[in-house]
Amino acid sequence: MKRLALGLAMLAGVAARATAQTSTAEVLRAAHDFYEQLDIERALPLLREVVSPSWPLEVTAQQRIDAYTYLGACLTLAGKRDSAVLYFRAAVEREPFTDLDPRLFTPAQLELFHRARRLTFAVAARPVAPSRIDPRTERLTFTVVTTHAASLRAELRTAAAPSGVTLFDDESAGLREIPWSGLLADGRLAPPGRYELVVAARSRLLERADSARVYFDVRHEAPPFEDTLPDLTDRQLLPEQLSKSAARGDLLKGLAVGGGALIISGALANGDLGGSLKAGAGIVAGGAALTGAIAFLARRHQSDIPENVEANARRRSERLAANEAIAHRNAEKLAQTVLLITPAAGVGP
Amino acid sequence: MRCGLALGLALAARPVAAQRGPTGAAFISVAEHRVEAGYGVERSSGVVLGVEGALPVGPRLSLALRAQGGSLHTSSPGAVNRDVGQVTAEARMAAAPWLMFQLGATRRVYSTIIARQRWTIVHLGAGVRVPFAVHAISGLARAALLPVVSVNGLDRPEVAFTAAAGMEYRVRSLAIQALYSLERYDFPAREAVRRLEQLGQLTLRCDLRKRTR
């Protein structure tokens, strides 16, 4: 009993931080003192006042649950079992995680409390605590509860998706811890974003169902990813086909080079010396003109440029290989991603 | 007297475009040398062989060293056969893929059974490469002024230049060039005699480029 008193006193102390709560906490502390002294007749009015709709002061959710719980405990000691069950149910309905410590409460109180749980059906999930999860070695654990035996289904969804990952779908009673590996149904790491854990349960004892939701944000902590190489543009690729003008250009170039050789041997040579190796100039001129003509004819029939086609194929292949390497490195970085979990208030901001 | 021969061969053998890696070249030329020194046109001809190595020293600049030698034979009355040898050092700067500037100096020696003549020549010129649509073929043209020509026993020429045109065919790292080149010197008249020299040559050059990554 002393431990219970101490717990209630601490609770009251926390509540006392706010002025409006100070009086409620003092009343609860006084009620608890009476309860510890087995002065049930004086404890009960105080507790009833706290839970009364006419109570003028602010009452926190936890204070209200404590008041209901001790009302149940007091009424048990007073022999008013049905009323005790009603108050225990009120506590359980408001907070399904409510439980009595067997070391602090009597077997009769525990028995009535368990009866209240069987008569009440509710499901709840604890808010997610901020955490840092390495999916390779760690799991995020969700804690859910049903007041008694039920078929329980826990599903994880992104805020935008209608369906998600089913984390648990089986019979359950009381507290249950559900681990999550950080992966989605397709086996991929959960992308950053807002998620909700939807817990739905149907009682095995009563024709009742209940559900609860918990929201949280997932962020990734990973080395920066590399961008893949962009598609090759026309400027980065060589022309793979020749135009007709290119064929004519080759012919003209050959004729120009040949003409240049003849001009050098004729116009630039000293006429007083009677020319200079004109046969050599003729050979070069003929060879250049012939080259131009062959190139012209060849290009008229074959407009592809094999060298450029090969070079472009090589560039495309190199880009593809580079992107595959980048994707591989990014995958390795993704495997090192750590999930940063923070609680959230709802579906979205 | 026939000092323009080797320089002409050098021009004929000079590559136009900058090479990204070290290059080595060998060439063979058929040369015809004509000289008028007041006794009628003296013609001589022969085969000259040469080798060259070039090394890039920057993204656009390369240095080349070239050695050539051969013999010229004549059937003109009163003329004698001679041997020619020369060494050329040259810097090449690629201003564009199709344009290259060249600056170099040549030391040349003509030897006959009766005399030896030494030439020192500086050349400054440019060359263009005109690629054909056919990937491995290019047209070549180049010209150079010879602002410094020093020949023992002769005055500085009033006209001194060289020009060349030809084709290049590439097969992998091998480039084969066929070029016609002309080298012309007009010396000033001395005692009413005007000395003229001219060299025409047909050169077949083979360049081997070391592939670099």
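In this predicted model, helix α3 (residues 40-51) of chain A packs against helix α4 (residues 61-77) of chain A at an angle of about 150°. Their axes are 9 Å apart. An angle over 145 degrees counts as roughly antiparallel, and α3(A) and α4(A) are therefore roughly antiparallel to each other. The crossing of α3(A) past α4(A) is left-handed.

Which residues make this contact? From α3(A) come Ile40(A), Ala43(A), Leu44(A), Leu47(A), Arg48(A), Val50(A) and Val51(A). They meet Gln63(A), Arg64(A), Ala67(A), Tyr68(A), Tyr70(A), Leu71(A), Cys74(A) and Leu77(A) of α4(A). By class, the contact of α3(A) with α4(A) has twelve nonpolar residues, one polar and two charged.

**Helix α5 of chain A**

Next comes helix α5 (residues 81-94) of chain A, with 14 residues. From first C-alpha to last, α5(A) reaches 20 Å, close to the 20 Å expected at 1.5 Å a residue. Its buried residues are Ala84(A), Val85(A), Tyr87(A), Phe88(A), Arg89(A), Ala90(A), Ala91(A) and Val92(A). What covers them includes α4, α6 (107-119) and β3 (140-158) of chain A.

**Where the chains meet**

Chain A and chain B touch. In this contact, 31 residues of chain A meet 29 residues of chain B. Two helices of chain A, α7 (244-266) and α8 (278-301), are the elements that give two or more residues to chain A's side. Which of them gives the largest share? That is α7(A), with eleven residues. The side of chain A that touches chain B divides into 17 nonpolar, nine polar and five charged residues.

Helix α7(A) has 23 residues, which should span 33 Å at 1.5 Å a residue. The end C-alpha atoms of α7(A) are 33 Å apart, so the two values agree. Buried in α7(A) are Ala247(A), Asp250(A), Leu251(A), Lys253(A), Gly254(A), Val257(A), Gly258(A), Gly260(A), Ala261(A), Ile264(A) and Ser265(A). What do the buried residues of α7(A) pack against? In chain A, the partner is α8. In chain B, the partners are β6 (116-131), β7 (137-151), β8 (159-171), β9 (174-186) and β10 (196-209).

**Chain B**

Chain B has one helix and ten strands. Along the sequence, the pattern is α-β-β-β-β-β-β-β-β-β-β. Chain B has 213 residues, and 46% of them count as buried. Take the contacts in chain B between residues at least 6 apart in sequence: 60% of these join residues at least 24 apart.

Arg108(B) sits in strand β5 (residues 99-111) of chain B. Is Arg108(B) buried or exposed? A residue is buried if 20 or more other C-beta atoms lie within 10 Å of its own. Arg108(B) has 24 within that distance, so Arg108(B) is buried. The C-alpha atoms of Arg108(B) and Gly69(B) are separated by 9.6 Å. Along the chain, these two residues are 39 residues apart.

**A loop with positive phi values**

Most residues other than glycine have a negative phi. Glu191(B) has a positive value, and Ala192(B) has a positive value too. Glu191(B) lies in the loop between β9 and β10 of chain B, and Ala192(B) is also placed in that loop.

| Residue | Phi | C-beta neighbours inside 10 Å |
|---|---|---|
| Glu191(B) | near 55° | 5 |
| Ala192(B) | near 70° | 6 |

Exposed means 12 or fewer such neighbours. Glu191(B) has 5, so Glu191(B) counts as exposed. Ala192(B) has 6, so Ala192(B) counts as exposed.

How values were computed: Residues are numbered from 1 along each chain as its sequence is written. Chains are lettered from A and ligands numbered from 1 in the order in which they are written. This is a predicted model: local features need pLDDT of at least 70, side-chain atom pairs count only at pLDDT 80 or more; totals for chains, interfaces and linings use all residues. Axes are lines fitted to C-alpha atoms, for helices over the stretch in contact, and angles run from 0 to 180 degrees between N-to-C directions. Helices (H or I, at least four residues) and strands (E, at least two) are DSSP runs, numbered from the N terminus. Angles under 35 degrees count as roughly parallel, over 145 as roughly antiparallel, 65 to 115 as roughly perpendicular and the rest as oblique. A crossing is left-handed if the near helix is turned anticlockwise from the far one by less than a right angle, and right-handed if clockwise. Two residues are in contact if their C-beta atoms, placed from the backbone, lie within 7 Å. Ala, Val, Leu, Ile, Met, Phe, Trp, Tyr, Cys and Pro count as nonpolar, Asp, Glu, Lys and Arg as charged, and the others, Gly among them, as polar. The expected span of a helix is 1.5 Å times one less than its number of residues.
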